[in-house]
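This report describes selected structural features of one protein model. Please consult the sequence and the coordinates alongside the text.

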Amino acid sequence: MRTPPTRRAVLGAAFATAGTAVLASCSGDSDTGRSGTKSGGTNSGSPNAGGANHGTAPRRKSRGEFVSPQGEEVAAAEARRASGPVRKIDLTATPSRLDLGGGLVVGSWAYEDRLPGRELRVSVGDVLALNFANHLPAATTLHWHGLNVRNDMDGVPDLTQKAIKPGAEFAYRFKVPHPGTYWFHPHTGVQQDRGLYAPLIVEDPKEPLTYDKEWVVVLDDWVDGVDGSTPDEVLDELSGGRGGMDHGGSGHGGMDDKSDPGGSGHGGSPRDPEGLKHPRPPKTAKRRSGPSRIMKDSYSELLESHGGNVDYPYYLINGRAPKSPTSFTAKPGDRIRLRIINAGGDTAFRVALGGHRMTITHTDGYPVRHTTTDALLLGMGERYDVVVTAGDGVFPLTALAEGKRASALALLRTGKGTAPTASVRPKELDGKLVEAFDLSPDESVALSVRKADRTLRFKLTGSMRAYDWAFDRKPYDPGQRHPVRAGERVRLEFYNVTSMWHPIHLHGHSFGLVGQAGPEHRASRRGQGVWARKDTAIVRPHSSLAVEFNADNPGLWMLHCHNIYHSDVGMMTVLGYRR
């Protein structure tokens, strides 16, 4: 059985008690530094609280009030960073035929016909000069997930750059600011749920961790090209034909096609509170090329939630299906560093290495105090680094798709032995499971104890039946701004009023996990510092989470759910640095 987490228990308790008063303040008090500002003067936005005294409804602002991605503030911040050698790289995105193993070959999109794409490995301080060529039939971009790059290189269409049109090229160039395990993918429509992803490893010349070998492990859920399915058709089915946001030419309509603002399940039952088994019938959905991909009967006790929206036919490790897994070769006694990345679109994975315990050394690229565990939980976009001492034999690395009754598989080979079957379930999956909330940061990366200068609050809203995922019931608008100022300590509070879990990702910064949100919890955590440094964190249903970060990277930065389908129907917003 999984051992009861000591810190996560704090997060789930008292949400209902704190929720009414705190959530009311999300659209309450007055404040000089308001959240939910709308750039450009159109009437849209979110009535979140913002500023030191929290906020009111959005007001109209001129675009010149905020730092531009191409502004002098961004250039000045980049100039202050250390500079090393220039690493020139060419990268091409192209339609591809991808071999997933066992005779399964699918048509998809990929970087240079590989799945995952070719690993990029650089060092802290390097200048990455990557020339990207788009040979896809649709516009696209590159986003450097978890890496706090200069704002104009962040890869968000209609916000930090124009989408890269088919046949065009774009030169990404930035200084690499910090070490760790990262990855890159498009930020355009649901393209990430094709084969467009690859690991980005930033080495530390002063790396204190000692190990013999390194194994980069990329997890994924796969639907593209299987029985005619595509991620765009999956989105169309989930959203009832509305499609997603129009991200720089993604081919989806939808900015003016508002979904039900209520954000609650309609016509559900106690066993099916959000209409999961009977989703809203599509009114304008296009004819599908493949079978239905809606996950109807899914529940994860670990997530305390429906596991996910999409019923994927395959789950992959390093681009291979379980019946034809990849193998990593080592010697008995080797210390192996695993860099584990969840590149999935709609799936959390519980990961264990049969016959081994793992020592967690990093989460989302940042070191933590070493902690031993049997298993890990990774939401979409999260990364963990662990070290294991290899045994003698053949061992399964299993990634269980939470709530989906399936798994991905890879093998560790250090000696003779029979390879386990695709359905293997190592006992470690049900052993001790350490989550990010149970970890403490290494002293070298711990945020200082400091009073927050500004608090921004967000309600996570929507339902499976309406498929209207959003912050504060407002679909994404690239003109939206939640203001922050350079030099501030910013506190973000998330109140998940939905029956679904959400992995929340902040661009351009890492944050410290603080604990449960709400005024009654602030004093209890103050003076104890913060928990692990991350850029992506799970918020379970009907619970809250508070994080804090230092506003030290000027620009316009996305904040969104990293379920690719939730974000594409609107669960995204923007933090903007004021001039």
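Two strands are said to pair if DSSP finds at least two bridges between them. The model discussed here is predicted.

## Strand 27 and its partners

By this criterion, strand 27 pairs with strand 28 (residues 533–534) in the antiparallel sense, over two bridges. Within this pairing, Phe511 has Lys534 of strand 28 as its bridge partner. Strand 27 is also joined to strand 30 (residues 544–550) by three bridges, and these two strands likewise run antiparallel. Here Gly512 stands opposite Glu548 of strand 30.

How many of the five residues of strand 27 are buried? Five of the five, residues 511–515, are buried, so strand 27 is largely enclosed by the rest of the structure.

## Salt bridge of Glu548 and Arg491

Glu548, the residue opposite Gly512, also takes part in a salt bridge with Arg491, with an N to O distance of 3.1 Å. Because Glu548 belongs to strand 30 and Arg491 to strand 25 (residues 489–496), the pair ties together parts that are 57 residues apart in sequence. Glu548 has a relative accessible area of 1% and is buried. Arg491 is buried too, with a relative accessible area of 2%.

## Further salt bridges

In total, 33 salt bridges are counted in the model. Side chains of opposite charge can pair when their charged atoms come close.

Asp152 forms a salt bridge with Arg150, and the closest N and O atoms are 2.7 Å apart. Asp152 is buried, with a relative accessible area of 12%, and Arg150 counts as buried at 19% relative accessibility; the cut-off for the buried class is under 20%.

An open sheet is formed by five strands in the order 13-21-20-15-18, with mixed pairing. Its edge strands are strand 13 (327–329) and strand 18 (376–378), each of which pairs on one side only. From one strand to the next, the twist averages 25°.

Inside this sheet, strand 20 (residues 394–401) and strand 21 (residues 406–413) pair in the antiparallel sense over eight bridges. Pro396 has Leu411 of strand 21 as its bridge partner. In a regular strand the side chains alternate between the two faces of the sheet.

## The largest pocket

Rolling a probe the size of a water molecule over the atoms shows where empty space is left. The largest pocket holds about 640 Å³ of space. Its lining consists of 32 residues, and those nearest the pocket centre are His178, Pro179, Tyr366, Pro367 and Val445.

Which strand supplies the largest share of the lining? Strand 17 does, with four residues. At least two lining residues come from each of strand 10 (198–203), strand 14 (335–342), strand 16 (358–363) and strand 17 (366–373). In composition, the lining comprises ten nonpolar, 13 polar and nine charged residues.

## Backbone features in loops

The peptide bond from Leu115 to Pro116 is cis, with omega near -15°. Pro116 is placed in the loop between strand 4 (104–111) and strand 5 (120–123).

Glu304 is not a glycine, yet has a positive phi of about 55°. The loop between helix 4 (231–238) and strand 12 (314–317) contains Glu304. Asn318, another residue other than glycine, has a positive phi near 50° and lies in the loop between strand 12 and strand 13. Is each of these residues buried, partly exposed or exposed? Glu304 counts as partly exposed at 39% relative accessibility, whereas Asn318 counts as buried at 17%.

Notes
Residues are numbered from 1 along each chain as its sequence is written. This is a predicted model: local features need pLDDT of at least 70, side-chain atom pairs count only at pLDDT 80 or more; totals for chains, interfaces and linings use all residues. Side-chain values use heavy atoms; hydrogens and water are left out. Buried means under 20% relative accessible area, exposed over 50%, partly exposed in between (1.4 Å probe, protein chains only). On a 1 Å grid over the protein atoms alone, a cavity is a set of points where a 1.4 Å probe fits but cannot get out, and a pocket is an open set with protein on both sides within 12 Å along at least five of seven lines; lining residues have an atom within 4 Å of a point. Grid points are joined across faces, edges and corners, and a volume is the space filled by probe spheres set on the points. Ala, Val, Leu, Ile, Met, Phe, Trp, Tyr, Cys and Pro count as nonpolar, Asp, Glu, Lys and Arg as charged, and the others, Gly among them, as polar. Axes are lines fitted to C-alpha atoms, for helices over the stretch in contact, and angles run from 0 to 180 degrees between N-to-C directions. A salt bridge is a side-chain nitrogen of Lys or Arg within 4 Å of a carboxyl oxygen of Asp or Glu.
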